[in-house]
Amino acid sequence: MKSTSAFTSIGVIGGGAWGTALASLCASNGIPTTIWAREPEVVKAINARHENTEYLADVPLPKALKATESLGMAIENEAILFVVPAQFSRPTFAELRALAGENALPVALCSKGIERDTGLLMTEVLSAVWPEAIPAVLSGPSFARDVAMGLPTAVTLASADETIGQKWMATIGAPHFRPYLTDDLTGAELGGAVKNVLAIAAGVVAGRGMGESARAALIARGFAEFQKLGVALGAQAQTMAGLSGLGDLILTASSPQSRNMSLGIELGKGKSLDEALAGRNSVSEGVATAGAIHALAEKAGIDAPICSAVAELVSGRRTVDEIIAALLARPFTTEA
C-alpha cells in the first residue's frame, strides 16, 4: 500500500470517552486537533488540566490537544472524526453542514448504532443530511481507556475512497493503534451496531448466573445472526468475521467494562431498565439499536431470535424469565 500523508488538522465532534481517546491519539501523532464538547466542564478540564474528568478520568491527555464549545471552531479543520451518539447524530450533521458551507469534508463515523426512528445506518443518515461529506467508518474492538493509555488495539477503517482511507490511516495509525482498511462501509458499521445488542444479551446471561458455556453459545449464535443479516444487507461476510464484527463482539460481550454488557448484567439481576440506566453518564447504544435491528431483520426475512429477544426486553414487552424460557424452547435445528 502506497504511503499517503495524514490530514493537516482534525476536528473531533463529541467529548465523551471515545471521542477523547481518538482526539488524544491524533494529537499524540503530532496533528493539530480540536475536540468539541457540549459540556463546559469537559472543555475546561481538557484545556486547563489536560484530562477529561467527566468521561475519562485519570488519563493524561496531550497538552497540544485543544477543546472548544464552538462547533464552528471544530469544523475549521481539514477532516472530522464524528463521535456523537447515533440517536443524536442527525441534528448535529445538519449543524455541521450549515457551518461547513456544504463543503465536501471527510467525515469518519466513530459512533456505533442505527437511527431508531428510521432504521438507517449512520452512513445513510449522513448521506441524507450532509450529502457532500465524504464518509468513512471506524469500528472494531476498542475500549476508550485502552486506546487513551496506549495499549495495543486493532480496528477496521472502512472507506469507499482508497486515497481518503489511506489519509485516515496515516492520521490515526500508531504502533499501538493499528487500522486495517476495507471498502465495506456497511459491514463495518453494522457489526459495530449489532454487537451492542448482543452484548446486552451476554450481560443478561452473566447477571442471571447461567454460566460461561451459555455465554459462549450466545456469542456464537449471535454472530451467526448478524452475519446472515449483514450479508442480506450487502455487507461482506469477511468483514463480519473481522475486527469490526466478530472481534468487536468478543470484546463487548466478554467484559463488564462494556457499557452494554454491564447494562445487561443489571437486567439479568432483575433490575428494570430505568434502574439499570440510572446514574450512567454514558450512552448504552444497544438499548436504542435493538428495535431497529429487529425491524431490519424482519424486513430482510432473517431469523434473529437473540436480537429480537433483546428488543422485547428493553421495550418491556417480555421479562428476562419469559425470554430465556422462549429461547431454550426453540426447536432443535442444523447449525448451518
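1. In which sense do strand β7 (residues 153–159) and β8 pair, and over how many bridges? They pair in the parallel sense, over six bridges; two strands count as paired if DSSP finds at least two bridges between them. Strands here (E, at least two residues) and helices (H or I, at least four) are DSSP runs, numbered from the N terminus. Within this pair, T156 stands opposite Y180 in β8.

2. Some housekeeping before the rest. This is a predicted model, so local features need pLDDT of at least 70 and side-chain atom pairs count only at pLDDT 80 or more, while totals for chains, interfaces and linings use all residues. Residues are numbered from 1 along each chain as its sequence is written, and side-chain values use heavy atoms, with hydrogens and water left out.

3. Now the whole sheet. It is open, has eight strands with mixed pairing, and runs in the order β3-β2-β1-β4-β5-β6-β7-β8. At the edges sit β3 (66–68) and β8 (177–182), each of which pairs on one side only. On average, neighbouring strands are turned by 25° against each other, direction ignored. For the angles between elements, axes are lines fitted to C-alpha atoms, for helices over the stretch in contact, and the values run from 0 to 180 degrees between N-to-C directions.

4. Two helices to look at against that sheet. Helix α1 (residues 17–28) packs on it, touching β1 (10–13), β2 (33–36), β4 (79–82), β6 (134–139) and β8. The direction of α1 makes about 170° with that of β2. Helix α8 (residues 185–207) also packs on the sheet, touching β6 and β7, and its direction makes about 45° with that of β6. Contact here means heavy atoms within 4.5 Å.

5. Have a look at β1 and β2 too. They pair in the parallel sense over four bridges, and W36 in β2 is the bridge partner of I13. Both faces of β2 are covered: T33 and I35 on one side, T34 and W36 on the other, are all buried. Buried means under 20% relative accessible area, exposed over 50%, and partly exposed in between (1.4 Å probe, protein chains only). In a regular strand the side chains alternate between the two faces of the sheet.

6. V12 lies in strand β1 and counts as buried, at 0% relative accessibility. Leaving aside neighbours within four places in sequence, V12 is in contact with G19, A23, T33, T34, I35, W36, L81 and V83.

7. Not counting residues up to four places away in sequence, T92 touches I13, R38, F82 and V84. T92 and F82 are ten residues apart in sequence and 9.6 Å apart in space, C-alpha to C-alpha.

8. On to the nonpolar cores, meaning sets of buried Ala, Val, Leu, Ile, Met, Phe, Trp, Tyr and Cys residues joined through side-chain atoms within 4.5 Å. The largest has 43 residues, of which I114, L267 and I293 touch the most other members. Elements giving two or more residues to this core include α9 (212–232), α12 (259–268) and α14 (285–300). The largest share, ten residues, comes from α8. Beyond neighbours within four places in sequence, I293 is in contact with I114, L190, V194, V197, L229 and C307. Apart from this core lies another, of 40 residues, among them V12, V42, L61 and A148.

9. How do α8 and α15 cross? Their axes come within 9 Å, at roughly 75°. That makes α8 roughly perpendicular to α15 (under 35 degrees counts as roughly parallel, over 145 as roughly antiparallel, 65 to 115 as roughly perpendicular and the rest as oblique). V194, V197, L198, I200, A201 and V204 in α8 meet I306, C307, V310 and L313 in α15. By class, this contact has ten nonpolar, no polar and no charged residues; Ala, Val, Leu, Ile, Met, Phe, Trp, Tyr, Cys and Pro count as nonpolar, Asp, Glu, Lys and Arg as charged, and the others, Gly among them, as polar.

10. Phi of H50 is near 55°, a positive value in a residue other than glycine. D58 is found in the loop between α2 and β3, with phi near 70°, again positive in a residue other than glycine. D58 is exposed, with a relative accessible area of 68%.
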